[in-house]
Amino acid sequence: MNLETQRLILRPWEDSDAESLFEYAKDSDVGPIAGWHEHKSIDESREVIKNILNVPETYAVCLKTDNRAIGSISLKLNGDTDMTDRDDECELGYWIGKAFWGQGLIPEAVRELLRHAFEDIGMTAVWCGYYDGNEKSKRVQQKCGFVYQFTTKDIVVTQMNDIRTGHVSLITKEDWLKTK
């Protein structure tokens, strides 16, 4: 399934996206702040597409002008998240290549994925988090209507071999309807 916004296509990841994924995921300013290490090769990016990104409700964020993957956005459903154990709630995650920061593209993608979560999938709430220091992610959540819920200290970020502080926000369907 493809989703569209004014400037974006959100579509499933494809093997042919490996080169584009590597271009943006190799940047040390992108992955580590989100809890994953930068990619070291196109082959690694291909494996990430195959084993991590090629799952339901995970989308390549692409500009309509060229349909090239520049980021990723996903809804983690039914047990794929530790933020909720409810089937009618999920977790939202996202990132975008540094060249596209500050253009409002991720808030645009988030708004469409929230619409999809609430209208198409039947979610009643969507959770979202960020680690200390990731002010860009915090601002995206604020712009899109998420409300801060709690902070957790001493989170083990296995992939980064690190301990962090995480902040969690929530938007309910009821609150989302007010922001439409």
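A residue is called buried when its relative accessible area is under 20%, exposed when that area is over 50%, and partly exposed in between, using a 1.4 Å probe and protein chains only. Keep that in mind as we walk through this predicted model, in which local features need pLDDT of at least 70, side-chain atom pairs count only at pLDDT 80 or more, and totals for chains, interfaces and linings use all residues. Residues are numbered from 1 along each chain as its sequence is written, and side-chain values use heavy atoms, leaving out hydrogens and water.

Let us start with the sheet. Strands of a sheet pair through backbone hydrogen bonds, either parallel or antiparallel. Here, 8 strands form an open sheet in the order β1-β2-β3-β4-β5-β6-β8-β7, with mixed pairing. Its edge strands are β1 (3-4) and β7, each of which pairs on one side only. Strands count as paired if DSSP finds at least two bridges between them; the elements themselves are DSSP runs numbered from the N terminus, with helices being H or I runs of at least four residues and strands being E runs of at least two. Leu 3 has Leu 10 of β2 as its bridge partner.

Now look at the helices on this sheet. Helix α4 (residues 105-121) lies across β1, β2, β3 (58-63), β4, β5, β6 (125-131) and β8, at about 30° to β4. Helix α5 (residues 135-143) also packs on the sheet, where it touches β5, β6 and β8, and its direction makes about 155° with that of β6. These angles run from 0 to 180 degrees between N-to-C directions, with axes fitted as lines to C-alpha atoms, for helices over the stretch in contact.

The expected span of a helix is 1.5 Å times one less than its number of residues. The 17 residues of α4 should therefore span 24 Å, and its end C-alpha atoms are 23 Å apart, which agrees. The helix is mostly covered, with 12 of its 17 residues buried. One of them is Glu 112, at 12% relative accessibility. Its side chain makes a polar contact of 2.8 Å with that of Arg 115 (a polar contact is a pair of N or O atoms within 3.5 Å; within protein, one must be able to donate a hydrogen and the other to accept it, and residues adjacent in sequence count only if both atoms are side-chain atoms). Beyond residues up to four places away in sequence, Glu 112 touches Leu 3, Glu 4, Thr 5 and Leu 10, where contact means heavy atoms within 4.5 Å.

Strand β4 holds Leu 75, which is buried at 2% relative accessibility. Leaving aside neighbours within four places in sequence, its contacts include Leu 113, His 116 and Ala 117.

Another enclosed element is helix α1 (residues 18-25): 6 of its 8 residues are buried, so the rest of the structure largely encloses it. Those buried residues pack against α3 (42-53), β4 (69-76) and β5 (89-96).

Finally, turn to some backbone details. Asp 154, in strand β7 (residues 147-157), has a positive phi of about 60° although it is not a glycine. Asp 154 is exposed, at 61% relative accessible area. Asn 161, in the loop between β7 and β8 (162-172), is likewise not a glycine and has a positive phi of about 50°; at 75% relative accessibility, Asn 161 counts as exposed.
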